Amino acid sequence: MKPVWKWSIGVLLALILIVLGVAWYYSRNWKPIVETKLKETVKNATNGLYSLRYDDLDLNVALGNVTIKNAELIPDSAVYRQMVANKLAPNSRYHIKLAALKVRSFNLWDVIKNRTLFIKTINFDSPDIHMIQEYHAYNDTIVDQKSKTLYDNIKDVFNAVNVRDIKIENVKFKFSKIEEGKSSDIVLDSIGINVHDVLVDETSIDDSTRLFYTKMVEIDVPGFTYDLSNGIYKAKFDRLKINTQEENVLLTKVEYSPKMSKAAYFKTRGQNVTMVVLKFDTLRFEKLNFKQLIDDQQTIAEHVQIKNGSVSLYNDKRYPKKTVSKVGSSPHQQLMKVQKLIRIDTVLVDNIDVLYGEHSAKFNREGVITFNNAKGTITNLTNDSLHLQQQKQMKANLSAKIMNAGNLNVQFGFDMLSKDGAYTYKGTLGAMQATSFNRILKPLLNVEIASGNIRKVSFNMSANDHRNWGDFRFDYDHLKISLLNAPGSDNEKKGIASFLVNQILINDSNPDANEKYHIGKVNYRRVPEHTFFKTLWQSLLEGIKQCAGISKEREAKLMGTAEGAKNIVDESKNVIKKTGNFFKGIFKKKDKDEKKEK
């Protein structure tokens, strides 16, 4: 072997020995330094609110690896209470436990030379995170004092810290909300979190491509069920996925429903309070502003998609209903009352079945009306007053198959800034058989449509808190109804009463037999205790009645159902009797006259 090679190998071996020696020295002597500095940094960065504890710190400078075993970030309750007294406490605090924290492949030379820390990966092993939220009103006020950034807390040690990937697997998360001294909890298990490209330096906090120093956060939460504080309802989903880079949130198999059967629900409530059941296969937020959501609990998104599901509403009139004024409680007015800002450009509704069911107290049966395969858009859904100064209309353009038969199209326009809740609605209903409505008419009114062809319905209405008005058109023919006896009677239908109703009270077509076309001129004054949707229905019903030729006098007889039918029959019998007597008198008189002539 040539001397030059011997010399080169000798130098290389010497360098390796020097590096190993330096690594060994720093591993032994930096450990207490790092431990002290780490705990000091945590304490100072949190104003003494948190302390860091762990069983062991394994530092390998040569490989750039650090492992902290059984680490725990502990909030100091005494310090927190003092911060509350000084109006400095945050709304949220955390208690975090880790089986291990593994830092891999950091470069010691960059730390020494440039005060820059680059880390390839950080792994959190089986974290147990307890988040405690306690609202403090003073956090809503704007203060002049600028809060410290994360960079402000590390700049004395590092010029920059960059972590390529953070993996947090098998997370157990508990969220406790404290209100008026009472705590309610949500527990999630087996959460997966991936964080990519974390950069903390002087300018990264203002980087619009980053969310709190990160390029991307991915969160995957498996299904969970949460019992709401009222003890009646539960909320659940099958999976939650969040991606901050794509600004998307996806929930699958979402459900909001009572924890009990329909019968048990109304028995528990003890009154006729609407039971709500919501089920959606897909609920997706697109282009969601995560920073506003986290910082200010503001929901700002470009699109929300609600796909493949159902909305079911039930009432039971066997129970008393609390009579309170519903004026000022229309959907758009309720949105304006929400304290936190909401601004969604477009809500996309796709294949949602809407059902309303009501149990009759009089006939002890449940009637149902359905709007199948509802789809459409809601635009400018917001309570942002500044935004509404530019565009004050929230619009909904929706379509569905009513009773899974007729094509219904409706457009709503809501004046979000109107003091008296002004809105408009117009729409059309295509051809269908009127008998489809027996699913709600027969159980609730004990009335049945025997036949009827609906050719077309159209309406154009305006409304506010006190009145609904506009034009209603109803084209139909061969309409016949049957009045029914009480359930359980041997003879189901009231034949004579039904005949008289069809002959006397309603027109069997529009245009009617005299070729007169009836247009409903609706001017409906709202009953204050009626809800938005009941008021809307009552105003359309007034249009239907006018088109069917039902005057107020006719209606008074018809709407009494069984009792009204009896009155109709009695009156009809009297008329027939009087008519018969009249003709009898004529013929008797004629017979007498003939006898006299003979």
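This is a predicted model: local features need pLDDT of at least 70, side-chain atom pairs count only at pLDDT 80 or more; totals for chains, interfaces and linings use all residues.
The protein contains 13 helices and 22 strands. It has 598 residues, of which 38% count as buried.

Several strands can be followed from one partner to the next. Strand 7 (residues 160-179) and strand 8 (residues 182-200) run antiparallel and are joined by 15 bridges. One of the residues to look for here is Val163, whose bridge partner in strand 8 is Val198. The two strands form a hairpin with 2 residues between them, and in that turn Glu180 has a positive phi of about 50 degrees. Strand 8 is also joined to strand 9 (residues 214-227), by 6 bridges and again in the antiparallel sense. In this pairing His196 has Met216 of strand 9 as its bridge partner.

Strand 20 and strand 21 (residues 467-483) pair in the antiparallel sense over 14 bridges. These two strands form a hairpin with 3 residues between them. Ile449 has its bridge partner, Ile481, in strand 21. Strand 21 also runs antiparallel to strand 22 (residues 519-525), with 7 bridges between them. Asp471 stands opposite Lys521 of strand 22.

Strand 20 also takes part in packing with a helix. Helix 9 (residues 438-445) has Asn438, Ile440, Pro443 and Leu444 as its buried residues. What do these buried residues pack against? They meet strand 14 (342-359), strand 15 (366-382) and strand 20 (447-463). Spacing within a helix matters for such lists: an α-helix has 3.6 residues a turn, so residues three or four places apart point the same way. Just after helix 9, Asn446 takes a positive phi of about 60 degrees.

His332 lies in helix 7 (residues 331-337). Is His332 buried or exposed? Its relative accessibility is 1%, under the 20% limit, so His332 counts as buried. Apart from neighbours within four places in sequence, His332 is in contact with Met394, Phe414, Asp415, Met416, Gly421, Ala422 and Tyr423.

Thr274 sits in the loop between helix 5 (262-269) and strand 12 (275-286). With a relative accessible area of 29%, Thr274 is partly exposed. Leaving aside neighbours within four places in sequence, the residues in contact with Thr274 are Tyr233, Tyr265, Leu313, Tyr314 and Asn315. Thr274 and Tyr314 are 40 residues apart along the chain, and their C-alpha atoms are separated by 5.5 Å. The side chain of Thr274 also makes a polar contact with the side chain of Asn315, at 3.0 Å.

Ile294 belongs to helix 6 (residues 290-296). Its relative accessibility is 47%, so Ile294 counts as partly exposed. Ile294 forms a nonpolar patch on the surface with Phe212 and Leu293, and together these residues have about 230 Å² of accessible area.

Definitions and conventions
Residues are numbered from 1 along each chain as its sequence is written. Side-chain values use heavy atoms; hydrogens and water are left out. Helices (H or I, at least four residues) and strands (E, at least two) are DSSP runs, numbered from the N terminus. Buried means under 20% relative accessible area, exposed over 50%, partly exposed in between (1.4 Å probe, protein chains only). Contact means heavy atoms within 4.5 Å. A polar contact is a pair of N or O atoms within 3.5 Å; within protein, one must be able to donate a hydrogen and the other to accept it, and residues adjacent in sequence count only if both atoms are side-chain atoms. Patches are made of residues with over 30% relative accessible area and no salt bridge: like charges are joined within 9 Å, nonpolar side chains (Val, Leu, Ile, Met, Phe, Trp, Tyr) within 5 Å. Accessible areas come from the Shrake-Rupley method with a 1.4 Å probe; for residues, only the protein chains shown count as cover. A salt bridge is a side-chain nitrogen of Lys or Arg within 4 Å of a carboxyl oxygen of Asp or Glu. Two strands pair if DSSP finds at least two bridges between them.
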